[in-house]
Amino acid sequence: DAKTITIEDSGIGMTREQLLSNLGTIARSGTRKFMEAMKEAKGDANLIGQFGVGFYSAFLVADRVTVHTRSHEEEQQWLWESNVGSHQFTIKEDDSGERLVRGTRVVLHLKEDAQELADPIRLAKLIKQYSQFIQFPIKLYSSRKEAKQVVDEAATAKRQEEADKIAKDKNEELIKVRLVSCSACCCIVVVTGA
């Protein structure tokens, strides 16, 4: 419902200086390092995924990106944040209350036209399609809603009184009434019988 995608690892995290170095600007985020390394390696595919080259592509689908990170080297947890189209970012000590043991959490706040990516089924298909060459496991956690029937005691008692009165007025046999509401929607089911 928050229209976000969260990517989290329990790796070594980053210090404030590493955030500045790795996510500071596009040029410093690794594109130049990547291109130099590609020249040296003459196109070695093992370099793909390194140097943070793809990080800024997050803004293709996100209005805002936040990075929460905590390095194994220090106690502070840091928050990096930037908005689409902005040439600025902020880095501050993270006081969000969601403490990482260590590692990095990237939160993509999806654009209006990219919110279908938050659908767990669509996301699972994309992960399966594009992660075939990644050598470590990627796990997808999502929440789901399950319908649960709940007896509405107050409404049932009121309906039972009405049914008893009608049956008594018509000199008919009394019936048992039970109202059941579904928590997944706003329907109410009337169950009658002995």
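Modeller: Start with patches. A residue joins a patch only with over 30% relative accessible area and no salt bridge, and nonpolar side chains are joined within 5 Å. Bear in mind that this is a predicted model.

Biologist: Which residues form a nonpolar patch on the surface?

Modeller: Ile134, Phe136 and Ile138. Together they have about 280 Å² of accessible area.

Biologist: Why is Ile138 called partly exposed?

Modeller: Its relative accessibility is 41%. Buried means under 20% and exposed means over 50%, with partly exposed in between. So Ile138 counts as partly exposed. Ile138 sits in the loop between α3 and β6 (149-151).

Biologist: What makes the other patch negative, and which residues form it?

Modeller: Asp63, Glu112, Asp113, Glu116 and Asp119 form the negative surface patch. Asp and Glu count as negative, and therefore the patch does too. Like charges are joined within 9 Å.

Biologist: Take Asp113. Is it buried or exposed, and how do you know?

Modeller: The relative accessible area of Asp113 is 61%. The cut-off for exposed is over 50%, so Asp113 is exposed. Asp113 lies in the loop between β5 (103-110) and α3 (120-130).

Biologist: And Asp94, buried or exposed?

Modeller: Buried: Asp94 has a relative accessible area of 11%, and the limit is under 20%. Asp94 is in the loop between β4 (90-93) and β5.

Biologist: What does Asp94 touch, beyond residues up to four places away in sequence?

Modeller: His68, Gln77, Trp78 and Leu79. Trp78 is 16 residues from Asp94 in sequence, yet their C-alpha atoms are 4.7 Å apart.

Biologist: How do you know that Asp94 has no salt bridge?

Modeller: The nearest side chain of opposite charge is Arg105, 5.9 Å away. A salt bridge needs a Lys or Arg side-chain nitrogen within 4 Å of a carboxyl oxygen. So Asp94 is buried yet has no salt bridge.

Biologist: Now the whole chain. How many helices and strands are there, and in what order do the elements run?

Modeller: There are 4 helices and 8 strands. From the N terminus the order is β-α-α-β-β-β-β-α-β-α-β-β.

Biologist: What share of the residues counts as buried?

Modeller: 27% of the 194 residues. The protein exposes about 14300 Å², and carbon and sulfur atoms supply 53% of that area.

Biologist: What share of contacts joins residues at least 24 apart?

Modeller: 54%, among contacts between residues at least 6 apart in sequence.

Methods. Residues are numbered from 1 along each chain as its sequence is written. This is a predicted model: local features need pLDDT of at least 70, side-chain atom pairs count only at pLDDT 80 or more; totals for chains, interfaces and linings use all residues. Side-chain values use heavy atoms; hydrogens and water are left out. Accessible areas come from the Shrake-Rupley method with a 1.4 Å probe; for residues, only the protein chains shown count as cover. The place of a charge is taken as NZ of Lys, CZ of Arg, CG of Asp or CD of Glu. Helices (H or I, at least four residues) and strands (E, at least two) are DSSP runs, numbered from the N terminus. Buried means under 20% relative accessible area, exposed over 50%, partly exposed in between (1.4 Å probe, protein chains only). Contact means heavy atoms within 4.5 Å.
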